[in-house]
Amino acid sequence: MSDMRYLHRADLPTLFSAIREAGYRLIGPREETGQGGLVYREIDGVEDLPQGVRDSQAPGHYRLVKTGSARCFAWANTASAIKPYLYAPREKLWRAVRKDGRVHFEAVEREAAKTAILGVRACDLAALELQDAHFLQGAYVDPYYKARRERLLLVAVNCTHAADTCFCASTGDGPAAREGYDLLLDELEEGYLLRVGSERGAMIAADLPLQPASAAQQAEASAQSEACARQQQRALPSQQRLQQLDALLEDARWTRIAERCLSCGNCTAVCPTCFCHREFEVPALDGKSTEHWRDADSCFNEDHSYIVGEVVRHGSRERYRQWMTHKLFNWVPQYGRIGCTGCGRCTTWCPASIDFVLEANVLLGLAAAPEVELPHVDGSEAAE
Amino acid sequence: MKPANPYLPWEAEIVDRIQETPDIFTWRLRFTDREVARQYGFKHGQFNMLYLYGVGEVAISVMSNEGEELLHTIRAVGRVTRAMMELKVGDHIGVRGPFGSAWPLDVARGKDIVFVTAGLGCAPVTSSIKHVVANRADYGRLVIMQSVRHRNEGLWEPQYDEWRSLPDTQVLLTASRDKTRWPHWHLGRVSVLLDEAQYDKQNCVVMMCGPDQMMADTSRTLVDLGVPGESIHVSLERNMQCAVGHCGHCQLGQHFVCKDGPIFTWPQVAELMRVKGY
Amino acid sequence: MSAKPRVAIHKFASCSGCQLAFVNMGAELIELTKLVDIAHMAEVGHVLSEDEDMDIAFVEGSITTPHDVERLKKIREHSRFLITMGACATSGGIQALRNNADTAEWMRSVYAKPEFIHSLSSSGAIANYVKVDFELWGCPVSVRQMLAAVRAFLFGVTPPNLREKVCQECKRRGNNCILVTQGAACMGPVTRTGCGALCPSFGAPCYTCYGPAENINVGSFGRRLMGLGLSQEQVLRKFASINNAAPAFSDAAKLFCSEPWMEE
Ligand SMILES: Cc1cc2nc3c(=O)[nH]c(=O)nc-3n(C[C@H](O)[C@H](O)[C@H](O)COP(=O)(O)OP(=O)(O)OC[C@H]3O[C@@H](n4cnc5c(N)ncnc54)[C@H](O)[C@@H]3O)c2cc1C
Ligand code: SF4
Ligand code: SF4
Ligand code: SF4
Ligand code: SF4
Ligand code: FES
């Protein structure tokens, strides 16, 4: 704890300038004015931060609420995690040129910009670790992901306010970040506690007007974190308990879920650990050259399981089952833990308001199925 | 051999092509980069990703790697493969590989060998049949069972005759949809051949490929007949985009078919293959 | 036959918006004319008879008269590859809304001498009458998809046929879902990709231009829209739009028209 220091809120701009001076472009949380909600986008200064804003989340529901607080990080999470900044949802992989009957292949070497992301959450750091395992630590390395990963600076901020959809306490990934950051902040009423997690982080911290953190400030930070964990309404069963899903692959509940699921793939798209993609070709109209691209794909799409003559997972029952069993069960032998870090996005951003955690609990007999299985029909959202 | 960018194909030239049947053709390929050709090596059962300029990639088993040339047998079934059938000798394509797991030909040494194939799924095992035939003395009895829908789909018929004449070798063929019974041919599914096959159930290696259902049914029957599950190997097919464990398309339960497979032991997949649409 | 593949662009009942998209494609149009011979396109003055042999026929518009049927059959006979272009040709278009109405009655109320009008009782998709090799959805079509189809044809392959939902593309573009953030009645979860999630990217709800996606769940989605505050009638109208005669959408419209929706 001795390495904890204090940065007054008025000095927050020094963090911005220190990061900039180190050569990073700065990405941070800000309000998306057109579509609404928070996003990680390029930010110019502290004035872009969502000060005095809280997110209200529920299955299929996300709204920002003004609180008037001076805090800039008193919200839970954004629509998409930091995933798109590493694993791009659309990426050119290589190009080929046809000339004199030959085909020449050219890799697309992309110099990644040094990127700092401010306001990263514990659940997203844990998810990043899983993406690292997938794209970097297997037999083959993804060069595009690697290029960005190596030039990334992560400034995490511990959560103080859980959304109703959050359950990171039950997966053990939050609300406080444990590792994987360069700098870690705790936001207090008056300012920030700051911890250094890497050499890179130390270099930035060296430029800041830091003061020693008092015992009271440190106590305030832990109390906030604990309160945030207690605030969480949902809990995923233990990893051990989730293994029992294996015996439930033919359970009737999958059909009940499929009656509501739209097979739209919003859940996989916002999930910070999902990695699936398809490859495709974009030939120039004249046919003289062609580009090979990849797009983020989803196990809710037919091409995901298409083999000549059949779509193996032909319906929503099979597709939802793939999604949930991959996250909560099959991920374990693949990467040593479940593929869910408790961010709740799949539930919030499901247009059919399907509750992922509830469904897992219902399947395992740990919760009763809701009496009304329809998507929200009470018209309650229309009032807003 | 592992390139820095695992997605980038190498260029290869079609140096020969044989039209095996109206929709099946074989390519002899040569890498244009000699260094690539020299370093390339495959194990029986592995596959390559073959790329057609401007169109896309498909997973195709490596039939053989003779000298510095690669052999692939392809059935024209869809977008990419149909257009591939139109290519001529001298045309160039892209190749990445080899990928995936291999048949247990080392473990199989000294044991009886049983090959079971159905439908069009013979390509992944043909290279190992040829290997066993070429090294006949290293193995025990050899049984080759193949089921096709119609006898005229029996792609390697001249080879069947040749193999049949080898010592301790049975070649059992069946046509599931034909009406007339030809010499050496049975009528019906693979199961009708199992009774006739002679091999040591306790000391054999079974290598199988074909439609999921056929492999699942046959594996279960073999286990019932007393063949240990661990001795049965199946080659699976799933949608493949990257072949390097990244795109997620080839998943079957916990397995990535491109890197944990395509060749699995029966116990690895027995439960998974019981679940329809998994 | 000339060395370049011959392309015809035919028009039936439609607003010509798809052909306009074609004409407005810019520099690529010049490139295109180097690759193919645009032999017939009435809009720009190239007019040949339907009896001319073509490699690719793009067909815009729906079939609404007995004469259309005859013309279309001729076109099919003389075309190697027939591609429908846009919502009208592919599903019958917005004008297919009249399929549920009493056309004879309409005719009497609109025309002084209805006996001179030769019209079918329905506005039909091209595929209702002849074999279609490839469908380009959209209102209007995306030029990018159209060029990709021509390129694929020149390579000798069928064009890629992606049938995923608009949501997929919306998410790739990094949008926040407006159904979730605003309760907007966005039709993305039932609509086929192709537009690049144009409307939601500008904060406007998707309104089904590209027709139904694969494996859609219209019952659940319609109920969800009612949960957002739409009436049953409004839900019906959401489906009964540009692609109202596409089977998945006309089924949806029926579902939210006659049946009491609360009953499971
Ligand atoms: C490990 C493995 C080994 C194979 N070995 C051979 C072989 O030696 N000879 C042979 O003829 N075929 C083989 N196949 C099957 C071959 O990959 C498919 O027939 C081929 O991908 C069909 O592509 P298409 O574009 O012509 O068909 P389409 O139906 O147009 O398919 C579109 C796309 O879907 C994907 N896809 C479709 N079917 C399959 C499939 N069965 N497996 C993987 N991806 C698929 C491909 O990306 C394909 O381009 C093998 C498949 C696997 C997985
Ligand atoms: S499964 Fe859902 S809650 Fe878990 S990490 Fe993915 S989006 Fe978040
Ligand atoms: S299979 Fe589905 S759940 Fe698993 S990573 Fe891919 S998209 Fe996500
Ligand atoms: S669970 Fe929800 S977000 Fe996921 S595919 Fe189904 S409807 Fe879409
Ligand atoms: S805004 Fe519309 S298209 Fe985009 S994710 Fe939401 S429902 Fe789908
Ligand atoms: S083919 Fe991409 S993960 Fe197996």
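This is a predicted model: local features need pLDDT of at least 70, side-chain atom pairs count only at pLDDT 80 or more; totals for chains, interfaces and linings use all residues.
Surface patches are made of residues with over 30% relative accessible area and no salt bridge, where like charges are joined within 9 Å and nonpolar side chains (Val, Leu, Ile, Met, Phe, Trp, Tyr) within 5 Å. Residues are numbered from 1 along each chain as its sequence is written, chains are lettered from A and ligands numbered from 1 in the order in which they are written, and side-chain values use heavy atoms, with hydrogens and water left out.

One nonpolar surface patch, of about 250 Å², is formed by A:Tyr306, A:Val308 and B:Val77. A:Val308 is located in the loop between strand E15 (306-307) and strand E16 (310-311) of chain A; helices (H or I, at least four residues) and strands (E, at least two) are DSSP runs numbered from the N terminus. With a relative accessible area of 53%, A:Val308 is exposed, where exposed means over 50%, buried under 20% and partly exposed in between (1.4 Å probe, protein chains only).

In chain C, five strands build an open sheet in the order E2-E1-E3-E4-E5, with parallel pairing; two strands are taken to pair if DSSP finds at least two bridges between them. C:Ala57 stands opposite C:Leu82 of E4(C).

In chain A, the side chains of A:Glu250 and A:Arg321 form a salt bridge (4.0 Å, N to O). A:Glu250 belongs to the loop between helix H7 (239-242) and helix H8 (253-258) of chain A and A:Arg321 to helix H10 (residues 316-335) of chain A, so the pair ties together parts that are 71 residues apart in sequence. A:Glu250 is partly exposed, at a relative accessible area of 48%, whereas A:Arg321 is buried, at 0%.

In chain B, a salt bridge connects the side chains of B:Asp112 and B:Arg141 (3.1 Å, N to O). Because B:Asp112 lies in strand E8 (residues 112-118) of chain B and B:Arg141 in the loop between helix H3 (123-134) and strand E9 (142-148) of chain B, the pair ties together parts that are 29 residues apart in sequence. B:Asp112 is buried, with a relative accessible area of 8%, and B:Arg141 is partly exposed, with 33%. The side chains of B:Arg238 and B:Asp212 also meet in a salt bridge (3.2 Å, N to O). Here B:Arg238 is found in the loop between strand E13 (232-235) and strand E14 (251-252) of chain B and B:Asp212 in helix H6 (residues 212-224) of chain B, so parts that are 26 residues apart in sequence are tied together. B:Arg238 is buried, with a relative accessible area of 10%, while B:Asp212 is partly exposed at 28%. A network of salt bridges links A:Arg90, A:Arg278, A:Asp295, A:Asp297, A:Asp303, C:Glu164, C:Glu169 and C:Arg172.

Backbone geometry was also examined. The peptide bond from A:Gly174 to A:Pro175 is cis, with omega near 0 degrees, and A:Pro175 lies in the loop between helix H4 (168-171) and strand E10 (183-187) of chain A. C:Cys139 and C:Pro140 are likewise joined by a cis peptide bond, with omega about 0 degrees. C:Thr208, although not a glycine, has a positive phi of about 70 degrees and is buried, with a relative accessible area of 0%.

Conventions:
Accessible areas come from the Shrake-Rupley method with a 1.4 Å probe; for residues, only the protein chains shown count as cover.
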